[in-house]
Amino acid sequence: MSFCSFFGNEVFQNHFEPGIYVCVKCGYELFSSRAKYAHSSPWPAFTETIHADSVAKRLENSRSQALKVSCGRCGNGLGHEFLNDGPKPGQSRFIFSSSLKFIPKGKENAASKGH
């Protein structure tokens with residue numbers, strides 16, 4: 001089940017190196033690689049955010065089980081959260097398009113100095 005078009009260029013679908021995923025626009029920390037899991041969609045899937053305010057959510061107008069998700073700092077559109085569709089009962093699934101940038105473990109501080 002997907003609400004976005006897939007163009008075949010998703011680079012993080014099968015990417016499982018240790019590190020964090022940040023907003024491509026402002027660099028705010030969004031997800032840890034520890035919260036990422038393999039999923040059948042072409043986009044990366046996560047179960048939780050790094051900070052309580054990493055993302056902002058609003059109801060998807062036509063879909064009661066999906067929320068539109070944007071960066072909690074700059075408002076950049078990120079993707080969707082699908083309620084109760086995670087790897088464990090009661091967990092949600094976050095999926096995102098090309099709005100993420102990966103920072104390898106150990107490079108997090110160097111990346112945040114520019115913001």
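The mean pLDDT of the protein chain is 77, and 70% of its residues reach 70 or more, pLDDT being the predictor's confidence in each residue on a scale from 0 to 100. The structure is a predicted model, in which local features need pLDDT of at least 70 and side-chain atom pairs count only at pLDDT 80 or more, whereas totals for chains, interfaces and linings use all residues. Residues are numbered from 1 along each chain as its sequence is written, and side-chain values use heavy atoms, with hydrogens and water left out.

The protein chain contains one helix and nine strands, where helices (H or I, at least four residues) and strands (E, at least two) are DSSP runs numbered from the N terminus. Read from the N terminus, the order of these elements is β-β-β-β-β-β-β-β-β-α. Of the contacts in the chain with a separation of 6 or more, 48% are accounted for by residues 24 or more positions apart. The accessible surface of the chain comes to about 6,700 Å², and carbon and sulfur atoms hold 48% of this area; accessible areas come from the Shrake-Rupley method with a 1.4 Å probe, and for residues only the protein chains shown count as cover.

Of the 115 residues of the chain, 41% count as buried, where buried means under 20% relative accessible area, exposed over 50%, and partly exposed in between (1.4 Å probe, protein chains only). The largest nonpolar core has 13 residues, of which Tyr 21, Leu 30, Phe 31, Val 55, Cys 71 and Leu 78 touch the most other members. Two or more residues of this core are given by each of strand E1 (19-23), strand E2 (29-32), E6 and strand E9 (100-104). A nonpolar core is here a set of buried Ala, Val, Leu, Ile, Met, Phe, Trp, Tyr and Cys residues joined through side-chain atoms within 4.5 Å.

One salt bridge is present in the structure, the criterion being a side-chain nitrogen of Lys or Arg within 4 Å of a carboxyl oxygen of Asp or Glu. The bridge is formed by Glu 81 with Lys 57, whose closest N and O atoms are 2.8 Å apart. Because Glu 81 lies in strand E7 (residues 77-82) and Lys 57 in strand E5 (residues 55-60), the pair ties together parts that are 24 residues apart in sequence. Glu 81 counts as buried at 5% relative accessibility, whereas Lys 57 is partly exposed at 44%. The C-alpha atom of Lys 57 is separated by 8.6 Å from that of Gly 72, which is 15 residues away along the chain.

Arg 58, likewise placed in strand E5, counts as exposed at 52% relative accessibility. Apart from neighbours within four places in sequence, Arg 58 is in contact with Leu 67 and Lys 68, and its C-alpha atom is separated by 9.5 Å from that of His 80, 22 residues apart along the chain.

Ser 70, located in strand E6 (residues 63-71), is buried with a relative accessible area of 18%; residues up to four places away in sequence being set aside, Ser 70 touches Ser 54, Val 55, Ala 56, Gly 75, Asn 76, Gly 77 and Leu 78. Ser 99, found in the loop between strand E8 (93-96) and E9, is buried at 10% relative accessibility. Beyond four places in sequence, the contacts of Ser 99 are with Val 22, Cys 23, Val 24, Asn 76, Gly 77 and Leu 78, and the C-alpha atoms of Ser 99 and Val 24, 75 residues apart along the chain, are separated by 5.3 Å.

With a disulfide defined as a pair of cysteine sulfur atoms within 2.5 Å, the count comes to zero. Cys 26 is in no disulfide, the nearest cysteine sulfur, that of Cys 71, being 3.6 Å away, and Cys 26 counts as buried at 11% relative accessibility. For Cys 74, the closest cysteine sulfur belongs to Cys 23 at 3.7 Å, too far for a bond; Cys 74 counts as partly exposed, with a relative accessibility of 30%.

Key
Contact = heavy atoms within 4.5 Å.
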